[in-house]
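Good morning, and thank you for joining. I would like to walk through one model this morning, moving from its helices to its strands and then to a few local details.

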Amino acid sequence: MGKQEGGGEESLPPLFESRRARFIGLYKVFASTILVGVCLIWVYRVTNIPRAGEAGRWAWIGMLMAEFWFGLYWIITQSPRWNVTHRQPFKDRLSHRYEDKLPGVDIFICTADPKMEPPTLVINTVLSVLSYNYPTEKLCVYLSDDGGSEFTFYALLEASRFAKYWIPFCKKFNVEPRSPEAYFALYSDVHGIKYGQEWLEIKKLYEEMKNRIESAVATAEIPVEIKKQHKGFSEWNLEVAKNDHQSIVQIITDGRDINAVDNDGCRLPTMVYMSREKRPQQLHNFKAGALNALLRVSSEISNAPFILLLDCDMYANNADSIREALCFFLDEKYGPEIAYVQHPQGYNNLTKDDIYGNECFVINAVRNLDHGYIIAPTFKLTYHGWLSCMKVELAGLGGYGAALFCGTGCFHRRECLFGRKYSKDYRGHWNIESQKTIDRSIKELEESAKTLISCSYEKGTQWGKEMGLIYGCPVEDIATGLAVQCRGWKSIYYNPERKDFLGVAPNTLDTALIQHKRWSEGLFQIFFSKYCPFIYGHGKIHLGAQMAYCIYLLWAPFSFPTLYYVTVPPLCLLHGIPLFPKVSSLWFLAFAYVFIAKNVYSIVEALRSGSTLKAWWYLQRMWLIRRITSYFFAFFDTIKRQLGLSETEFALTDKVITDDVSKRYEQEIMEFGSASIMYTVLATSALLNFLSLVWGTKRVVMDRHSKALDQLISQVILSGILVLINLPVYQALFIRSDKGHIPSSVMFKSFFLLALACLMPIY
């Protein structure tokens, strides 16, 4: 069974248990052999540096630095691997123990742009959480609209009406998922459904609602008769722009009202629309500012002890996820020390083999711990040498009680977000009902809440510092999670068999790279800030957790050794300069073992995790592309910001695509299409390796004495693997004619840069 947690008294069994992965010792032995190989590679580099004046001396020293960084990074990644922990909640015990006194839960959903995040997408997330298997009088759903769009408000109003039919339908027939769009996409035909008549009726209601919303958005006009139905539309009688508008708070459904019921006569959850005040001259702190505004507004209206944070495109996929999360918080022994429960991000639009590597198979494999193998790092070894990259399993950090806060799909204890420090005598006060709103009207609540989200409210306060989400970087969620842990709280990473939340993955390469650039830039900024784990977390969180944080924070600088490895060895191959040991040398065995052992382990791990060999290969490709593009440019943008030469920007990822882009995505054809400078770097690297492969192969084949074969075969293999990885790039440059190809302007720039690189002398 493993170690059990919870249950301070024998009469109260635990609400969850924790199990450590088995065969950790066996993995440690394997990792030790890799470490020996890494050290031998370092020794080889140091003891075989070419003498001064010899060709390739500085290229060799560069290889030493790159491989030292690879090895050091790999060592850092091992800490969380030895602490992978699986959590199992017991929701039946929770229901038996607390059914009549379950705590209130506030649900925060954030949107920012009705064009990039369509209102119909937003309300599907709203409807999925409204229909949770949880007492509706205990639920309060808040939508933060940073775009201040009356179309988003209108969509929410329509959703509140449709919810009267959707909630009882979901609960009566126990349907999953509870996002209408996802549900009807999964069950598109009434045949085989026992409740066919009800299914047809609810689908008709949904389609009619969806058409009304989309029609209003398309015509940029909401019918006058609809505007007359709710006082909230009067907010848009004033001049309202996306970045210039007053505070707006509208309670659409008041859960306190006994007359606010669904079609079966059951109480409806509270629904609140909020758009904080924005002025062009005022900083608004992006998503962190919106979430802090939601914290204050919700404390005025419902003040539930637990909060669920969701992005607008990430719908609830498990109707019992609240109950499962509460098992961790309400456990008598360990619950009081838990600040938040983070779920992995899942996606509902992945292709068969996940062409853009959006969802790492290793994370999902953590649930297979009971099958008896440890989930260790997935190494992205894409060429000779050992470019090792991995997607850290959040379960490893969770084993230290320091799971990353990823900004969505996360349940929080409210007090922790308000800056409370953990103390051993803390027991929590979740079962105390809030009395502050009982005698207050909707108008009074709305007006008092508006003052809490004005531009001036946070001035001179601790909001964004010691209270709420941390301000100052694009990934405020990671910094906030670290700050909470440094106050003494623990966090849980929970990865259930059925994914609790599903969102929309990037379906173009451009979107995927922009997203990773934003993440890596923000993470690197944290490393430079006072929240650097080795400084801020020193003596407060486990050293292993500090190291694991840095695996993410150092994505940006890791681009340099990677970029060096894909450019310098092929350039040296063109000049006939060997950078690896001869095949006949014993030193060659160290390079070969590290390369083969890591890749074979990675492939076996992927296959046992339910992935495919093709998906594994796509993931290798994407990690290479991200490093030499997204992470590379993120590094320089971070340095510019540190020097005060630029300011932090927040780039939304577009959730709307055209039909032809969607078709290519489903066919797993890479979508380029733009003249991004990142594609210039990518194309130049691809062309360089193709040229070096052709020239190197010719040199090896034409050499009569096999000297070139013995000395240069490693670099030929390296270039060969990189050529295979870049096959979609060559197709987009020279073969494809659709709109997703690489523009000719990028190709000409790449040829120019290639010519310059080939003319450069190698020292």
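Let me begin with a definition: a residue is called buried under 20% relative accessible area, exposed over 50%, and partly exposed in between, computed with a 1.4 Å probe on protein chains only. By that criterion, Trp-236 and Tyr-273 are both buried. A word on provenance: this is a predicted model, in which local features need pLDDT of at least 70 and side-chain atom pairs count only at pLDDT 80 or more, while totals for chains, interfaces and linings use all residues. Residues are numbered from 1 along each chain as its sequence is written, and side-chain values use heavy atoms, with hydrogens and water left out.

I stay with the aromatic rings. Rings of Phe, Tyr and Trp (the six-membered ring for Trp) pair if their centres lie within 6.5 Å; planes under 30 degrees apart count as stacked, over 60 as edge-to-face, and the rest as tilted. The structure contains 60 aromatic pairs. In the pair formed by Trp-236 and Tyr-273, the ring centres are 5.9 Å apart and the planes stand at 55°, so this pair is tilted. Trp-236 lies in the loop between helix H8 (224-227) and strand E6 (248-253), and Tyr-273 in strand E7 (residues 270-275), so the pair ties together parts that are 37 residues apart in sequence.

Next, the helices. Helix H7 (residues 196-219) has 24 residues and reaches 34 Å from its first C-alpha to its last, close to the 34 Å expected at 1.5 Å a residue; that expected span is 1.5 Å times one less than the number of residues. Among the buried residues of H7 are Trp-199, Tyr-206 and Lys-210. The buried residues of H7 pack against helix H4 (119-130), H5 and helix H6 (180-186), where contact means heavy atoms within 4.5 Å. After H7 comes Ala-220, with a positive phi near 55°.

Within H5 (residues 150-173) we find Ser-160. This serine is buried, at a relative accessible area of 7%. Leaving aside residues up to four places away in sequence, Ser-160 touches Ile-252, Thr-253 and Met-271. A polar atom of the Ser-160 side chain lies 2.5 Å from the backbone oxygen of Leu-157. Such a polar contact is a pair of N or O atoms within 3.5 Å; within protein, one must be able to donate a hydrogen and the other to accept it, and residues adjacent in sequence count only if both atoms are side-chain atoms.

Is Asn-689 buried or exposed? Asn-689 is buried, with a relative accessible area of 0%. Its side chain has a polar atom 3.0 Å from the backbone oxygen of Val-566. With residues up to four places away set aside, the contacts of Asn-689 include Pro-570, Ser-719 and Leu-722.

I turn to the strands, where two strands pair if DSSP finds at least two bridges between them. An open sheet of 3 strands runs in the order E9-E14-E11, with mixed pairing. Strands E9 (315-316) and E11 (346-347) stand at the edges with a single partner strand each, so one side of each has no neighbour in the sheet. E9 and strand E14 (residues 501-503) run antiparallel and are joined by 2 bridges. Elsewhere, 5 bridges join strand E2 (residues 16-20) to E3, again in an antiparallel arrangement. In strand E3 (residues 85-89), 4 of the 5 residues are buried.

Now the cysteines. A disulfide is a pair of cysteine sulfur atoms within 2.5 Å, and the count here is 0 disulfides.

Finally, the backbone. Most residues other than glycine have a negative phi, and most peptide bonds are trans. A cis peptide bond joins Glu-176 and Pro-177, with omega about -5°. Asn-285 has a positive phi of about 60°, and Phe-286 has a positive phi near 50°.
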